[in-house]
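Here is a short briefing on one protein chain. Look at the structure first, then read the points below.

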Amino acid sequence: MLILPRREFIKATSSLGIAALAGRSADLFAQQQKDVLKIGVVHQFPIGEVGWETQHALGWKAIEAAFPGRVKVTAVTDVPQAQDAERVFRELASQGHKLIFGTTFSQMAPMLKVARAMPDTTFECCAAITTAKNMGAFEARNYEATYLAGVIAGRMTKSNVLGWVGAFPVPQVVWRLNGFLIGARSVNPQATCNVIWINSWNDPAKEKDAVNALISQGADVLAGSPNTPVQGIAAEARGAWSVGNGSDFSKFVTKGQLTGDILDWSSAYVEATRDVMAGTWKSQSRWRGVGEGGFCKMAPYNAAIPANVLAEVAQREKDLVSGKLKVFAGPLTDRDGKQRVAAGAELPDPEVRSINWVVDGVKGAFPKAA
């Protein structure tokens, strides 16, 4: 495996840079053996100890573990701009990387452009909503995980007020928020959820301020969308419970984290690699929640959660996996009193993926995504 920041990667792909990098990795641009699949992964930001990029790094590390000696992974980090992503995708494909992963929705458009120009390369983009003949997509139904966390929150709250630190009001955040409160209200109809939007995926100061404000409003269980442990640490300091997002934050939030929804992309990475190797890869959009081979799993449960609540959550997880339980099943009403899903019906996937409304019980401003 080779991890390169964008600047170093671009330098290495220039005529002057290749020689400069040769001492560090002499075979980076060498012709690989035919039975070794070269795989490229493009990260929007650096790979940290926890967070979004870390979960994707665990995904491509799962490839290396599943196919030892048969793959060569090059991960390029710090690619925040779409135009830079396009250049990196094109360079990786030109170097013979036959499978290339994008790690975020903002890379969909540049990847699609490169995929159409380079039909002999296979592409996979996380959170993409468009596919092509040689480009697939994968996304997490993480509202299933927040639903389960919501069941716990609904049982554990004493104030009946939950709190949500929102990054941006985009569908991927809104469906998680809705799932959280739907789960809570399924066991505690009195539960409500106050929301504060910070308009950032990672801003520790704003996250801490939002948590403190929500606790001041009466919230005693905090959840949200920024993928750092900051909000959990802030909640713990104030004696409130928290629910993690994306990674397992329990080693940072040692007492106050009830659980969390963890993104597990390993099956997305391993399956695509296996199929490319076998020549059976087909373009598809994989959207999975909890369960074996899914893209979501629950963080460890806090010892303070009663056994009967854990049993209840375990049964509901089984029902989600079997299809017996649907998170967005009717009747569902939005915060303005409009019925969005009738009794006996279910919100169709296309409407979930573009959702721009919140369920009854969500309190606070709800700006529409730009």
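The sulfur of Cys296 lies 11 Å from the closest cysteine sulfur, which belongs to Cys126, and that is too far for a bond. A disulfide needs two cysteine sulfur atoms within 2.5 Å. Keep in mind that this is a predicted model.

**Cysteines**
- Cys296 is buried, at 4% relative accessibility.
- Cys125 is buried too. Its relative accessible area is 0%.
- Which cysteine sulfur is closest to that of Cys125? It is the sulfur of Cys126, 7.0 Å away, again too far for a bond.
- The disulfide count comes to zero.

**Confidence**
- The average pLDDT of the chain is 92. A score of at least 70 is reached by 92% of the residues.
- Residues 15-32 have a pLDDT below 50. In the model this stretch makes 28 contacts beyond near neighbours in sequence.
- Where pLDDT is low, predicted coordinates should not be read in detail.

- Where does Val79 sit? It is in the loop between β3 (71-77) and α4 (82-94).
- Val79 has 1% relative accessibility, so it counts as buried. The cut-off for buried is under 20%.
- Leaving aside residues up to four places away in sequence, Val79 touches Arg6, Val42, His43, Gln44, Asp84, Ala85, Val88 and Gln107.
- Gly239 is 160 residues from Val79 in sequence. In space, their C-alpha atoms are 38 Å apart.

**Helix α4**
- α4 has 13 residues. At 1.5 Å a residue they should span 18 Å, and the end C-alpha atoms are 18 Å apart, so the two values agree.
- Its buried residues are Asp84, Ala85, Glu86, Val88, Phe89, Leu92 and Ala93.
- Among these, Asp84, Ala85 and Val88 also touch Val79.
- Gly96 follows α4 and has a positive phi, near 100°.

**Strand β8 and its partners**
- β8 covers residues 192-197. Five of its six residues are buried, so the strand is mostly covered.
- How many bridges pair β8 with β7 (residues 161-166)? There are six, and the two strands run in the parallel sense.
- From β7, the chain passes through helix α7 (residues 171-187) to reach β8. This β-α-β crossover is right-handed.
- Gly163 has Asn194 in β8 as its bridge partner.
- β8 also runs parallel to β16 (residues 362-363), joined by two bridges. There, Asn194 stands opposite Lys363.

Definitions and conventions:
Residues are numbered from 1 along each chain as its sequence is written. This is a predicted model: local features need pLDDT of at least 70, side-chain atom pairs count only at pLDDT 80 or more; totals for chains, interfaces and linings use all residues. Side-chain values use heavy atoms; hydrogens and water are left out. Helices (H or I, at least four residues) and strands (E, at least two) are DSSP runs, numbered from the N terminus. Buried means under 20% relative accessible area, exposed over 50%, partly exposed in between (1.4 Å probe, protein chains only). Contact means heavy atoms within 4.5 Å. The expected span of a helix is 1.5 Å times one less than its number of residues. pLDDT is the predictor's confidence in each residue, from 0 to 100. Two strands pair if DSSP finds at least two bridges between them. A crossover is right-handed if, with the strands pointing away from the viewer, the path from the first strand over the helix to the second runs clockwise.
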